[in-house]
Amino acid sequence: MRRGDIWLIALLVVIVAAFMLPRLFNGASDAENYSGTKYARIMVNGQETHLLELTKESKDIELSSTRGYNLLRIYEQGIEMIEADCPDQICKSYGFIDKVGQTIVCLPHRIFVEIVGDAAEGDGIDAIAN
Amino acid sequence: MRSPIESPDLALKRSVMIAMFTAVAVVLGLVETLIPVNFQIPGAKLGLGNIMVLTCLTFFRGKDAFALIVLKTVLTAFLLGTFSSFLFSFFGAMFSFVMMFGLMKLGRNNFSLIGISLVGGITHNIGQLTAAMIVLGTSKIFYYLPFLMLTGIVTGIFVGIVTRYLVQSLRKVPQFEAMILND
């Protein structure tokens, strides 16, 4: 351990704290207190393909492309990656998500799922109106 | 001092050594997927392959370490069948290499292997996420970066310590010593 190492670790810890603390105190509670309707925005290869309400009833979404197959399931006002034939299976490790701002990513199949609220940065409403 | 014309004998020895380092790095990458360390953070990993990259950077030239990284990334993609995410890991590996190489050259007096390992691990994540951001067209992919950085700090320190032990041990190998002295 040299002096530079200590400074580097300190700098990294500060950066991480700067990102995480506001999220823990405000972001998380905002997302937890959010009681409006939530939607799952599904993007494949940078294009939005689905915008679905997160209902209590379960609903399966199958995504098939030349890259592979994925099965997303909406239930209990949240969403989870149930099946994927990608090699790394990282997308399944995101588990069940149900808070605004949370994401699921399947990089090999270029799938990006994000939970948005009604008032999510304005574009949520537009997207829903469409 | 390095002689202007490298002897073919030394060049061959070095090539063999790079090949061996690559093999070990690939195997470490495979073994890593079998170790049930659950960080609860998608995409977080130990980064054991970086041990070999760092060792290579310590003993050999930058282009040797570069060769190791390219070979390791391609071989891992073939063996694990992760060719669809090859682009992302390659981008991460390249960014990580440039940063570690730069730090090795410029900041060797201020940073030990631990610091260089940390930078390598975290820039690997940043490079990978940047490639993902470009392809997926959303900066929200960075949502998990702080969490990845947190685990990156811990695994980076660990990898740095392991590398230091490996470097110390390899220095005692006579054949290795000869090669380094000739470099």
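Visitor: How many residues does the contact take from chain A and from chain B?
Guide: 34 from chain A and 34 from chain B. Keep in mind that this is a predicted model.

Visitor: How many residue pairs are in polar contact between chain A and chain B?
Guide: The count is 6 residue pairs, with both residues at pLDDT 80 or more.

Visitor: Which elements of chain A touch chain B?
Guide: Four elements of chain A supply at least two residues each: helix H1 (3–33), strand E1 (39–44), strand E7 (103–106) and strand E8 (111–116). The largest share comes from H1(A), with 12 residues.

Visitor: How do the residues on that side of chain A divide by type?
Guide: On the side of chain A that touches chain B, 18 are nonpolar, 7 are polar and 9 are charged.

Visitor: Salt bridges next. How many does the rule find across the interface?
Guide: It finds 1 between chain A and chain B. The partners are B:Lys140 and A:Glu114, and their closest N and O atoms are 3.1 Å apart.

Visitor: Where do A:Glu114 and B:Lys140 sit?
Guide: A:Glu114 is in strand E8 of chain A. B:Lys140 is in the loop between helix H5 (113–136) and helix H6 (145–171) of chain B, so the pair joins two chains.

Visitor: Is A:Glu114 buried or exposed?
Guide: Buried, because its relative accessible area is 6%. B:Lys140 has 26%, so that residue counts as partly exposed.

Visitor: What does A:Arg41 pair with?
Guide: A:Arg41 also meets A:Glu114 in a salt bridge, 3.5 Å from N to O. A:Arg41 lies in strand E1 of chain A and A:Glu114 in strand E8, so the pair ties together parts that are 73 residues apart in sequence. A:Arg41 is buried too, at 7% relative accessible area.

Visitor: Which residues are linked with them in a network?
Guide: The salt-bridge network links A:Arg41, A:Glu48, A:Glu114 and B:Lys140.

Visitor: What separates A:Val44 from A:Phe96?
Guide: Their C-alpha atoms are 19 Å apart, and the two residues are 52 residues apart along the chain.

Visitor: Switching to chain B. How many helices and strands?
Guide: 7 helices and 0 strands. Along the sequence the pattern reads α-α-α-α-α-α-α.

Visitor: What radius of gyration does chain B have?
Guide: Chain B has 17 Å. A compact globule of 183 residues would have a value near 16 Å, so the two agree. The C-alpha atoms fill a box of roughly 50 × 35 × 30 Å along the principal axes.

Visitor: What share of chain B is buried?
Guide: Buried residues make up 48% of its 183 residues.

Visitor: And how much of the contact in chain B comes from residues 24 or more positions apart?
Guide: They account for 73% of the contacts with a separation of 6 or more.

Visitor: Last one. Where is B:Arg61, and what does its side chain contact?
Guide: B:Arg61 is in the loop between helix H2 (49–59) and helix H3 (62–80) of chain B. Its side chain makes a polar contact with the side chain of B:Asp64, at 3.0 Å. B:Arg61 counts as buried, because its relative accessibility is 18%.

Conventions
Residues are numbered from 1 along each chain as its sequence is written. Chains are lettered from A and ligands numbered from 1 in the order in which they are written. This is a predicted model: local features need pLDDT of at least 70, side-chain atom pairs count only at pLDDT 80 or more; totals for chains, interfaces and linings use all residues. Side-chain values use heavy atoms; hydrogens and water are left out. Contact means heavy atoms within 4.5 Å. A salt bridge is a side-chain nitrogen of Lys or Arg within 4 Å of a carboxyl oxygen of Asp or Glu. A polar contact is a pair of N or O atoms within 3.5 Å; within protein, one must be able to donate a hydrogen and the other to accept it, and residues adjacent in sequence count only if both atoms are side-chain atoms. Ala, Val, Leu, Ile, Met, Phe, Trp, Tyr, Cys and Pro count as nonpolar, Asp, Glu, Lys and Arg as charged, and the others, Gly among them, as polar. The radius of gyration is taken over C-alpha atoms; the globule rule is 2.2 Å times the number of residues to the power 0.38. Buried means under 20% relative accessible area, exposed over 50%, partly exposed in between (1.4 Å probe, protein chains only).
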